[in-house]
Amino acid sequence: MTKIFYFSGTGNTLWSAKKIAENLNDKYELINIGKHAQNGEIIIEADTVILIFPAYAYGAPLLFQRFVEQAIFKTPYLAVFVTYGTSPGGALAGISRILKRKKTNAAYFGRIPAMENYIAIFGPPKPETLAKRLAAQKKATGEAARAIIEKRENSVITFRPLSAFVFTMFSIAVKIFYKWYKVSGDCNGCGICEKICPAQAITMQNRRPLFSRKCEHCNGCLNWCPQKAIHFGRLNSRSPRYHHPEITATEIARHS
Ligand SMILES: Cc1cc2nc3c(=O)[nH]c(=O)nc-3n(C[C@H](O)[C@H](O)[C@H](O)COP(=O)(O)O)c2cc1C
Ligand code: SF4
Ligand code: SF4
């Protein structure tokens with residue numbers, strides 16, 4: 001049995017997690033870490049365990065880090081993957097440091113290029129860029145599955161001071177970003193944003209989303225809202241949004 005634990009805001013990471021799972025000749029369970037990370041200690045027992053997350057400011061989402069800190073891994077083979085838009089920096093190093101502190105050995109670390117989803121800063125993808133990034137993601141995801149099947153081993157350098165600094169700045173800023181989300185009059189109260197939020201940071205009140213400091217700034221709600229009603233940075237009602245083209249909001253909303 002292979003257990004794959006993922007965190008995903010706009011579907012890139014979930015897409016790779018699904019494809020890796022489908023390529024393994026093994027029974028598998030795909031598990032969204034969202035709820036587990038909030039539930040304290042979790043014992044994870046499987047023949048193979050895969051952790052996969054998106055790079056945030058050269059680090060891993062805080063919720064994902066908390067999940068890894070709280071988990072007790074009982075597995076002969078643990079592999080860790082990061083999806084990223086331009087450079088994952090020391091994101092894998094950060095997870096490796098947490099595992100080392102827990103005296104847990106990860107056998108393999110892999111990087112999977114994907115579409116940059118931080119469109120509030122970088123803007124929406126051009127069609128040719130999207131096609132290239134999707135092709136690169138497909139290739140790297142196939143390679144990730146092969147590495148797992150062959151039980152490959154490698155390691156990462158854990159000393160990444162610049163990445164650690166950038167991520168520390170981000171982790172301070174992320175605690176106030178949620179205050180800057182604006183909900184326009186186009187909101188129809190559908191509640192999709194609440195359902196897809198991997199951090200359970202949104203509660204609906206009077207058919208309007210209320211954001212809390214549990215927000216990881218995953219950009220999911222901004223991008224999945226069918227009304228484009230959530231605005232942040234460059235994103236307003238007219239700006240195109242992004243999510244992985246083969247992932248649906250229903251899949252993202254799965255909190256197993
Ligand atoms: C808050 C935030 C920070 C990000 N930081 C980085 C980064 O440091 N390096 C990078 O290459 N991509 C970065 N990205 C892009 C994502 O890592 C990338 O698009 C990822 O595949 C998104 O995965 P998801 O669709 O599963 O949420 C960032 C995205 C967000 C929302
Ligand atoms: S997803 Fe958009 S339209 Fe639906 S409740 Fe949230 S903000 Fe409103
Ligand atoms: S509130 Fe929005 S940006 Fe924040 S974690 Fe939830 S879905 Fe992501």
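C193 is buried, as its relative accessible area is 10%. The structure is a predicted model.

**Ligand 2**
- Ligand 2 takes up the space of the second largest cavity.

**Ligand 3**
- Around ligand 3 there are 15 residues, with C197, C215, E216, C218 and C221 the closest.
- The shell of ligand 3 divides into 11 nonpolar, 3 polar and 1 charged residues.
- The largest cavity is the one in which ligand 3 sits.

**Cysteines**
- C187 has a relative accessibility of 22% and therefore counts as partly exposed, since the buried class requires a value under 20%.
- C193, at 10%, falls under that limit and so is buried.
- The count of disulfides is 0, because a disulfide requires a pair of cysteine sulfur atoms within 2.5 Å.

**Helix α1**
- Helix α1 covers residues 12-23, which makes 12 residues.
- At 1.5 Å a residue, helix α1 should span 16 Å, and its end C-alpha atoms lie 17 Å apart, so the two values agree.
- The buried residues of α1 are N12, T13, L14, W15, S16, A17, I20 and A21.

Notes:
Residues numbered from 1 in each chain as written. Chains lettered and ligands numbered in written order. Predicted model: local features only at pLDDT ≥ 70, side-chain atom pairs only at ≥ 80, totals over all residues. Heavy atoms only, no water. Helix = DSSP H or I, 4+ residues; strand = E, 2+ residues; numbered from the N terminus. Expected span 1.5 Å × (residues − 1). Buried < 20%, exposed > 50% of the residue type's maximum accessible area, 1.4 Å probe, protein only. 1 Å grid on protein atoms, 1.4 Å probe; cavity = no way out; pocket = protein on both sides within 12 Å on 5 of 7 lines; lining within 4 Å. Sits in = over half its atoms within 2 Å of the grid points. Near = heavy atom within 4 Å. Nonpolar A, V, L, I, M, F, W, Y, C, P; charged D, E, K, R; others polar.
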